[in-house]
Every structure is written in structure tokens, then in C-alpha cells.
Amino acid sequence: MKILISGIGGIGGYIASILCANRKQVTLVARTKRKEALQCAGLQLHSELWGEHTYHPPVTDTPSHLGIQDVIFICVKNPSLPEVLQAIKDCVDDHTIICCIMNGVTYPDVVRTYYPQVRFVPSCIYITSSYQEDYSILQTGNYARIFLGSPDTEAAQVVSSLLSHEGLQCRITTTIQQEMWHKYILNCAYNVSTAYYKGTVADVWNDDSRKSEFYTLLEEATAVGRALRIPLDEQLPQLIYTRTDKQKNKDVTSSLARDIKQGKKGELETFSGFIVHTAATLHIPVPCSQKYYQALLRAVNSTLP
């Protein structure tokens, strides 16, 4: 089986390590310094859950020459998705399975725009993982689990069989859209608030007003989802808030917070922009989300030359 994985950051690097551990024929897609690091030092994983591992899969920056692939994993940030979908066009045919392991809730529509008939498996992953300065992958915490779901149940089962491993708990679900929205709503508060305060969950949780606005961000994102007719429990904001409150390690931050600190927009539009713009279309008031979005947008724009 020929497997390709594009996006070797915190998530993609961990997924690639799982595939390598399961002895799958996998090729990584990476460019410039990341490609050089992977070729010289290999794919290095430092995992609190699973241990220390190094693998040496082939790496390319031009996937088109690899030919048709059986399964393609896409683990990039949303703004990079169109470029990746264009780059893999010579790797896809009617039997190819594309599995996106990404944030947000709109990427399935983007994939379908490029490949209307592709065998597509969306997912929802819960993991704390990032790449380091040397491009090694650091995973922290005692959990790594992924939900997979698709009308193409055979495709979902293929992906599950590739990823099932002691380092990753896999579950196939018939409610993948709801699972994606559950995580998305969490991220609309978690990513956005940690980016806004340029800190960790602890920096948010140690201040009552910040905690209150965290809850409001959850409520506003849930309201937008329900207006879009996503079957979301009215108690979802409270459930997520309570789970976050009970989280033992709050000294963690988000990918958006890291990007904003570096003057990058990252997935600001994925988490905050989508909620604000969709709410405006639906005539739903989201003042807290709008406040955070505008402030983060100004912060990014102020760093531009």
C-alpha cells in the first residue's frame, strides 16, 4: 500500500510516526529546512504517551512524481489546504482515499471542490503535539485519540486499520460532523483566548473575567453551529467548560497562540473569522467573538511590513 502524508508538523509528524511504527510504506511531503531536517536526522518523536522514536521514511517536496497513492493524509493548516490539494492531483484516482486530520469544520467542502468523487474520510483528533526548532515532534499528555467517519465505511475502516496503535486510540463514528463541531467549539475558545492573551490556559483560568469570556466564546460558537442546523446539545458549552476546568495541566498553549506571537495569522480565520462572518450572515450577535477577532486581526496586521 502506497501512503502519502502532507504536513509534517505536530499532528502530521505524530501520525507519520504511527504509520512508520505500523511498518507502512509512507512518504512524507516537506519543503526547505523541514525537508532537510527530516532527511538528515529522520522523523524524531518525543512522546510522553508513547516514548522516544526515530524513523527514516523517504521525503519529497514534489509528490506529483510518486504516482497514484492508495491513501493520502493531509495534516496542514486550513490556509494551506488548496495548495496541497493542487500539488497531489497526479497522486489521486478513483480508488485513492484522502483523510484530512485538520482543524475547523469547512475543510470537507474544500476537498470536495477539488475532488468531488474522491473517497474522503474527515476526522477529529485530540492530542497535544507540536514541532520543535529542530523539527522534531513533541507530544505531551497521556492521551491521543482520533475519530474517523465517512459515508464510505470501507474507506474509514482502511484508515482506522492504518492508524490503530498503542500510541493512538482510533474510533469510527457515524456522527463525525458533530465530533468535528465539538472540537471546533472548544478551539473557538481555547485557541482564540490563549492567542488573545498570548499565554496558556492557566493564564486564562487564573482570572475570573477571562474565564467568563472563555465560556461566552463557547456559547457564541455553539449558537452559530445550531443555527447551521448542526445537532448540538444546548449544554455543550457547560460540558466543555467543566472539562477544561478539571484539566490537570493548564500550562499548555495553542497553535494559534504560537502563530500570533510570531506575527502570523495562522488559523485565525478558521477559528474566529468563520464564527464572526457566519454569525453576521445569520444575524446572530457574537460580541465577544468579534472583540477577540478584531483585536487579533489588528495584532497581526500591525506586524506586517
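**Figure 1. Salt bridge between Arg-31 and Glu-83.** Nine salt bridges are counted in this predicted model. One of them joins the side chains of Arg-31 and Glu-83, with an N to O distance of 3.0 Å. Arg-31 belongs to the loop between β2 (25-29) and α2 (32-41), whereas Glu-83 belongs to helix α3 (residues 81-87), so the bridge ties together parts that are 52 residues apart in sequence. Glu-83 has a relative accessible area of 46% and is therefore partly exposed.

**Figure 2. Salt-bridge network of Arg-119, Asp-152 and Glu-154.** Salt bridges link Arg-119, Asp-152 and Glu-154 in a network. Within this group, the closest N and O atoms of Arg-119 and Asp-152 are 2.7 Å apart.

Figure 3. Lys-291 and Glu-213 meet through their side chains in a salt bridge, at 2.8 Å from N to O. Lys-291 lies in helix α12 (residues 287-301) and Glu-213 in helix α8 (residues 208-227), so two parts that are 78 residues apart in sequence are tied together. Lys-291 is partly exposed, its relative accessible area being 37%.

**Figure 4. Stacked rings of Tyr-131 and Tyr-135.** The structure contains 13 aromatic pairs. In the pair formed by Tyr-131 and Tyr-135, the ring centres are 5.8 Å apart and the planes meet at 10 degrees, so the pair is stacked; planes under 30 degrees apart count as stacked. Both residues are partly exposed, with a relative accessibility of 40% for Tyr-131 and 22% for Tyr-135.

**Figure 5. Tilted rings of Trp-205 and Tyr-241.** The rings of Trp-205 and Tyr-241 have centres 5.1 Å apart and planes at 35 degrees, so this pair is tilted. Trp-205 is part of helix α7 (residues 201-205) and Tyr-241 of helix α9 (residues 236-246), so the pair ties together parts that are 36 residues apart in sequence. Trp-205 and Tyr-241 are both buried.

**Figure 6. Aromatic cluster of Trp-181, Tyr-184, Phe-271 and Phe-274.** Trp-181, Tyr-184, Phe-271 and Phe-274 are linked into a cluster by ring pairs.

**Figure 7. Charged side chains over tyrosine rings.** Lys-183 lies over the face of Tyr-126, 5.9 Å from the ring centre. In a second example, the charged end of Arg-210 is placed over the ring of Tyr-197, at 3.9 Å from its centre.

**Figure 8. Surroundings of Thr-200.** Thr-200 is located in the loop between α6 (176-196) and α7. Beyond its neighbours within four places in sequence, Thr-200 is in contact with Thr-194, Lys-250, Asp-251, Val-252 and Thr-253. Ser-254 is 54 residues from Thr-200 in sequence, while their C-alpha atoms are 7.6 Å apart in space. A polar atom of the Thr-200 side chain lies 3.2 Å from the backbone nitrogen of Ala-202.

Conventions
Residues numbered from 1 in each chain as written. Predicted model: local features only at pLDDT ≥ 70, side-chain atom pairs only at ≥ 80, totals over all residues. Heavy atoms only, no water. Salt bridge = Lys/Arg side-chain N within 4 Å of Asp/Glu carboxyl O. Helix = DSSP H or I, 4+ residues; strand = E, 2+ residues; numbered from the N terminus. Buried < 20%, exposed > 50% of the residue type's maximum accessible area, 1.4 Å probe, protein only. Phe/Tyr/Trp six-rings, centres within 6.5 Å; stacked < 30°, edge-to-face > 60°. Lys NZ or Arg CZ within 6 Å of the ring centre and 35° of its normal. Contact = heavy atoms within 4.5 Å. Polar contact = N/O pair within 3.5 Å; in protein donor to acceptor, adjacent residues only side chain to side chain.
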